[in-house]
Amino acid sequence: MGTTLIALGQQHKLLLLVAATLSVAACGDNVGPMGEVVDASIPVEFDAEPVDPNIFVWDMVPEGLPKPFVPEENPMTYTKVELGRYLFYDEQLSGNGTQSCSSCHKQELAFADGIARPTGSTGELVGRNSLGLMNAAYHTTFTWMNPEFHDLRTQIQVPLFGEFPIELGISGNDVEVLTRFSTDPDYIARFAAAFPEDEDPITFGNIAKALASFVRSMVSFDSPHDRHTYKGDTTAMSESALRGQELFFEERIDCHHCHGNFHFSLNLRHENTVFIETGFANNGLYNVNNTGSYPAPSEGLVAITKRVQDRGKMRTSSLRNVAITGPYMHDGSIQTLEEVIDMYERGGRFVESGPNFGDGRDNPFKSEFVHGFVLTEDERADMLAFLESLTDESFLVDPKFSNPFEQ
Ligand code: HEC
Ligand code: HEC
């Protein structure tokens, strides 16, 4: 219940502060706690309404920025978020008890996992690179290339129940997995607190709701770039990073066409979104045998829409924390940010040999905004410094998102 306590703690602090000011004024020396002169005749007013500890406060979203979209059927509450945190880190949530969400989503890596493609609980190779989860709640659609997952709760069914490939492998072990939770007094209490209206709250539906709430709560805006842009800290970004930021938004280089908002992804949805954008694009990563295709099992949006023009289209990645979520792209086939910059500079990637041979620059489905450009050595270093300024170090160690079994 750590987060609940934090929320309550803040409220108490506020009341204590007011009380302290009052008592100092009452002493008659008219000097406040900071040495300021206090006029005891001014009535101090404060909101005495008790704050419902269960209503989630998005206090990490800077003023002026919108909060994430929250679906009506799954409102945010601290008890649900906290239950989700336990489930996220619990290996009991896999068929054979060997894996948890955190096996592939590690906090110190912004909830990515540092490898090209992970293996599931029974050893099967997963089709794509594990996505980092910071600010995932701001996406319109979830995963690299599926336009149909509009809700975190729906997407989370995939690692839970998916069979092609198996990730947590619950299908076929449903009863056993649920029994692990329904016979555990700690979980019985947590489910009851999180879903007070439900007579029988320990269900997979509620497990997905709690996990979605926890993932949705993983919001953070404390990178040097954020501190500079939204919190008025003019020293937060280096000169080099600031020059890199200018380059990022220059028409000659054009990164901003796909990564140009506070989410660094066109695939953005928030509380005030009216026109929903999905932002899928082909950035010239492949052109297998110069036929315009991408290697299986990740042919792009076309796999779902069956439209030829959707070949190789992937969701435009958010670039937050990108310096630590490598290897890069949907299949983890680029190791470093330097190589990513090289690829865009070239206007697409050239795969010289092997089954994926071909020149991504000539992919007929590539976006017109990936047109190539020339950078000087200094400009390349600046661009890199900018991408590195998007790392939020505090998020990587924030106790709200850490493993509750290790405390
Ligand atoms: C075996 C590794 C693995 C496990 C276990 C796993 N994930 Fe993932 N996760 C992935 C991969 C890989 C992707 C990208 C999938 C794709 O694009 O097809 C992903 C994508 C996601 C996304 C979408 C993020 C976005 O930005 O669209 C969410 C949310 C997510 N996982 C949450 C979870 C939760 C919650 C659990 C536990 C129930 C979990 N994952 C378990 C590997 C894993
Ligand atoms: C036409 C839209 C578009 C433009 C322009 C664009 N990108 Fe991307 N970017 C994407 C897409 C789509 C992906 C994911 C592609 C994939 O996985 O196959 C991506 C992925 C990335 C990644 C890897 C993210 C990850 O987590 O793996 C980085 C880094 C990146 N882009 C940086 C840049 C920079 C820097 C520029 C400007 C030089 C730029 N992008 C221009 C669409 C674009």
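**Exercise 1. The shell around ligand 2**

Task: In this predicted model, find which helices each supply at least two residues of the shell around ligand 2, and say which gives the most.

Solution: 
- Step 1. Helices α9 (256-259) and α11 (337-346) each supply at least two residues of this shell.
- Step 2. α11 gives the most, with 4 residues.
- Step 3. In total, 26 residues surround ligand 2. The closest are Cys 255, Cys 258, Tyr 328, His 330 and Ser 367.
- Step 4. By class, the shell holds 17 nonpolar, 8 polar and 1 charged residues.

**Exercise 2. The shell around ligand 1**

Task: Which residues come nearest to ligand 1, and which helix gives the most to its shell?

Solution: 
- Step 1. The shell has 28 residues. Cys 101, Cys 104, Phe 142, Thr 143 and Pro 159 come nearest.
- Step 2. α3 (152-161) and α6 (204-217) each supply at least two residues.
- Step 3. α3 gives the most, with 5 residues.
- Step 4. Sorted by class, there are 17 nonpolar, 9 polar and 2 charged residues.

**Exercise 3. The buried side of α3**

Task: Which residues of α3 are buried, and how are they placed around the axis?

Solution: 
- Step 1. Leu 152, Arg 153, Gln 155, Ile 156, Pro 159 and Leu 160 of α3 are buried.
- Step 2. These residues cover an arc of only 155° around the axis, so they sit on the same side of α3.
- Step 3. Their cover includes α6.

**Exercise 4. Packing of α2 and α6**

Task: Describe how helix α2 (residues 78-88) packs with α6.

Solution: 
- Step 1. Two numbers are needed: the angle between the helix axes and the distance between them.
- Step 2. The angle is about 100°, and the axes are 7 Å apart.
- Step 3. Angles of 65 to 115 degrees count as roughly perpendicular. Therefore α2 is roughly perpendicular to α6.
- Step 4. From α2, the contact uses Lys 80, Val 81, Leu 83, Gly 84, Arg 85, Leu 87 and Phe 88. From α6, it uses Ile 207, Lys 209, Ala 210, Leu 211, Ser 213, Phe 214 and Ser 217.
- Step 5. The contact residues divide into 8 nonpolar, 3 polar and 3 charged.

**Exercise 5. The setting of Asn 267**

Task: Is Asn 267 buried or exposed, and what is it in contact with beyond four places in sequence?

Solution: 
- Step 1. Asn 267 lies in the loop between α9 and β1 (280-281).
- Step 2. The cut-off for buried is 20 or more other C-beta atoms within 10 Å. Asn 267 has 23 C-beta neighbours inside 10 Å, so it counts as buried.
- Step 3. Beyond four places in sequence, the contacts of Asn 267 are His 139, Thr 140, Thr 141, Glu 277, Thr 278, Gly 279, Arg 315 and Thr 316.
- Step 4. Take Arg 315. It is 48 residues from Asn 267 along the chain, yet their C-alpha atoms are separated by 6.8 Å.

**Exercise 6. Backbone exceptions**

Solution: 
- Step 1. The bond from Ala 296 to Pro 297 is cis, with omega near 5°. Pro 297 is in the loop between β1 and α10 (302-305).
- Step 2. The bond from Gly 326 to Pro 327 is cis, with omega near -5°. Pro 327 is in the loop between β2 (314-315) and α11.
- Step 3. Ala 110 has phi near 55°. This residue is in the loop between α2 and α3. Its 25 C-beta neighbours inside 10 Å make Ala 110 buried.
- Step 4. Asn 321 has a positive phi of about 60°. Its place is the loop between β2 and α11. Asn 321 is buried, with 25 other C-beta atoms within 10 Å.

Technical notes. Residues numbered from 1 in each chain as written. Chains lettered and ligands numbered in written order. Predicted model: local features only at pLDDT ≥ 70, side-chain atom pairs only at ≥ 80, totals over all residues. Near = placed C-beta within 6 Å. Nonpolar A, V, L, I, M, F, W, Y, C, P; charged D, E, K, R; others polar. Axes fitted to C-alpha atoms, helices over the stretch in contact; angles between N-to-C directions. Parallel < 35°, antiparallel > 145°, perpendicular 65-115°, else oblique. Contact = placed C-beta atoms within 7 Å. Buried ≥ 20, exposed ≤ 12 C-beta atoms within 10 Å, placed from the backbone. Arc of directions from axis to C-beta.
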